[in-house]
Amino acid sequence: MRSDRALSLRARLLLWLLVPLGGLALMNLALARREARRTADMVQDRLLLGSARIIAQQIRFEDGLLDVAIPPAALELFQSGAQDRVYYRIASPQGVLLSGYAELPSPAEAPRPEESVYFQTEVRGEPVRVVAYAQPVFAAPAEGPVIIEVAQTLQDHDQLARKLWTTTLRQDLWTLALAGLLIWFALRRGLKDILRLRDEVGRRTPGSLEPLRSGPMPQELQPLVGALNGYIQRLDAQMAVRSRFIANASHQLRTPFAVLQTQASHGLRSADPALKDEVLEAMSGSVRQGTRLVNQLLALSRAEAGTLAHRPGERVDLADLAQRVLEEQATLAQSRNIDLGFDRPEGRLDLAAPSAMLHELVANLVDNALRYTPPGGRVTLALRRADGAPVLAIEDNGPGIPPADRVRVFERFCRLGNDDTPGCGLGLSIVQEVARALGAEVRLSDPASGSGLVVTVAFPAGLAG
């Protein structure tokens, strides 16, 4: 089974830096190769022209004839270890060969007096570089210039070009190697803060949620440390929520289970069928109460952790959602003979929020109002808009909450001293947590007339659809 090892950040940075440098080095080598050939051409051309001029100085016009002597110095210029062959050709103004090699071709276009032209051709199957120089005959200007050609094979030329190019190649290789070494040491120095951060995280004990020390560090690492610290903070909050949930659940479930155990023991000891049925009915009520407690604990835990808020937003008609909640709670309202009303606005009342959050909020508000309203009372849910923002209000004619206790009732498991209503004091805590996650505001107030309580939830205008 193949396993690919990912390159380290240091190796990646080194590779990303050396690859462009290598590309530049290759480009430089290509340019250096062309420049080396140009330099070799220039050196050879100067030697050829020098040789042609030395020969030109020896041309004489005597007794109506052109006399040409090839001095040794003209050919000694080309002495080298490359064993190049040198060819020459001297032609009269009429094109008659005066001296040299007849197989050396003439230039395609004759040069003007005292000027030269360069070209490449082949002689005896070998490539040669040729200069053609026009030397005027001052003793007989009417005759025209003598054409002097000097050619040399390209072995010394190619050897010089290779030497120049290999010198540049060695320099580029040494430069690239030195650059790689310097970059490597620079990366070791530049990445020490990342390595220090890695070591700090690696030394942490399991379960440690302390924020990372920011300290002096490059600006590029500060967002990373900030993001890690933000994640640690959120994780710490999640762990705190879990711990509180476990503590709350263990504390609140202890009583229902103890009651169930007592009821079960009492029913087992009794032989009276009627008493057993009564015990079973009581146990059923205890199970319902325990189930409701567990559901509320889970809802509170989700609201505290913000898991509902992180669900993708959707367009929800708050009026339809409220209608469904009232239909779900209709059975409880009928059992307590409570008039459950709904003041529904015309048209839709859209909110851009997770429907699960809105359902949790409305359901707990309605359930709380029904449980604290005495039999024969009334509970009314009303929806409206205020300054373009949706507003939900639940009004009941129950005992209400004194103004001095309206802050405290949002605390978990808070029950007022004269409160004997079945429940665990989590309804308004859930409402507060959900509203906080949605950016909404929860207010408690007195009804316009009579006793009771009005719970108002004002949603932010930004959620309005």
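Helices α1 and α3 each put at least two residues into the lining of the largest cavity. Helices here (H or I, at least four residues) and strands (E, at least two) are DSSP runs, counted off from the N terminus. Keep in mind that this is a predicted model, where local features need pLDDT of at least 70 and side-chain atom pairs count only at pLDDT 80 or more, while totals for chains, interfaces and linings use all residues. Residues are numbered from 1 along each chain as its sequence is written, and side-chain values use heavy atoms, with hydrogens and water left out.

Rolling a probe the size of a water molecule over the atoms shows where empty space is left. The search runs on a 1 Å grid over the protein atoms alone, and a cavity is a set of points where a 1.4 Å probe fits but cannot get out; lining residues have an atom within 4 Å of a point. Grid points are joined across faces, edges and corners, and the volume is the space filled by probe spheres set on the points.

How many cavities of 30 Å³ or more does the count come to? The count comes to 1. The largest cavity holds about 50 Å³ of space. Around the largest cavity sit Ala-40, Val-43, Gln-44, Leu-47, Gln-152, Asp-156, His-157 and Leu-160. α1 gives the largest share of this lining, 4 residues. Sorted by class, the lining has 4 nonpolar, 3 polar and 1 charged residues. For the classes, Ala, Val, Leu, Ile, Met, Phe, Trp, Tyr, Cys and Pro are nonpolar, Asp, Glu, Lys and Arg are charged, and the others, Gly among them, are polar.

So how do the two helices meet? The axes of α1 (residues 9-56) and α3 (residues 155-190) come within 8 Å and cross at roughly 160°. That makes α1 roughly antiparallel to α3. The contact of α1 with α3 involves 21 nonpolar, 7 polar and 7 charged residues. α1 goes past α3 in a right-handed crossing.

A few words on the geometry terms. Axes are lines fitted to C-alpha atoms, for helices over the stretch in contact, and angles run from 0 to 180 degrees between N-to-C directions. Angles under 35 degrees count as roughly parallel, over 145 as roughly antiparallel, 65 to 115 as roughly perpendicular and the rest as oblique. A crossing is left-handed if the near helix is turned anticlockwise from the far one by less than a right angle, and right-handed if clockwise.

**Packing around α9**

Helix α9 (residues 355-372) turns up in two helix pairs. With α10 (residues 427-438), α9 packs at an angle of about 150°, the axes being 9 Å apart. That makes α9 roughly antiparallel to α10, and the crossing of α9 and α10 is left-handed.

The other partner is α7 (residues 318-328): the axes of α7 and α9 come within 10 Å and cross at roughly 45°. α7 and α9 are therefore oblique to each other. Which hand does the crossing of α7 and α9 have, left or right? The crossing of α7 and α9 is right-handed.

**Positive phi in loops**

Arg-124 has a positive phi, near 55°, in a residue other than glycine. Arg-124 lies in the loop between β5 (116-123) and β6 (126-135). With 52% relative accessibility, Arg-124 counts as exposed; the scale is buried under 20% relative accessible area, exposed over 50% and partly exposed in between (1.4 Å probe, protein chains only).

Asn-337 is not a glycine either, and its phi is positive at about 55°. The place of Asn-337 is the loop between α8 (330-335) and β9 (339-343). Asn-337 is exposed, with a relative accessible area of 57%.

**C-alpha pairs**

| Pair | Apart in sequence | C-alpha to C-alpha |
|---|---|---|
| Gly-267 and Met-283 | 16 residues | 9.7 Å |
| Val-117 and Val-130 | 13 residues | 8.3 Å |
| Ala-461 and Ala-386 | 75 residues | 9.1 Å |

Gly-267 is in helix α5 (residues 222-269), and at 9% relative accessibility Gly-267 counts as buried. Val-117 lies in strand β5 and is partly exposed, with a relative accessible area of 26%. Ala-461 is found in the segment after β14 (453-458). At 48% relative accessibility, Ala-461 counts as partly exposed.

Methods. 1 Å grid on protein atoms, 1.4 Å probe; cavity = no way out; pocket = protein on both sides within 12 Å on 5 of 7 lines; lining within 4 Å.
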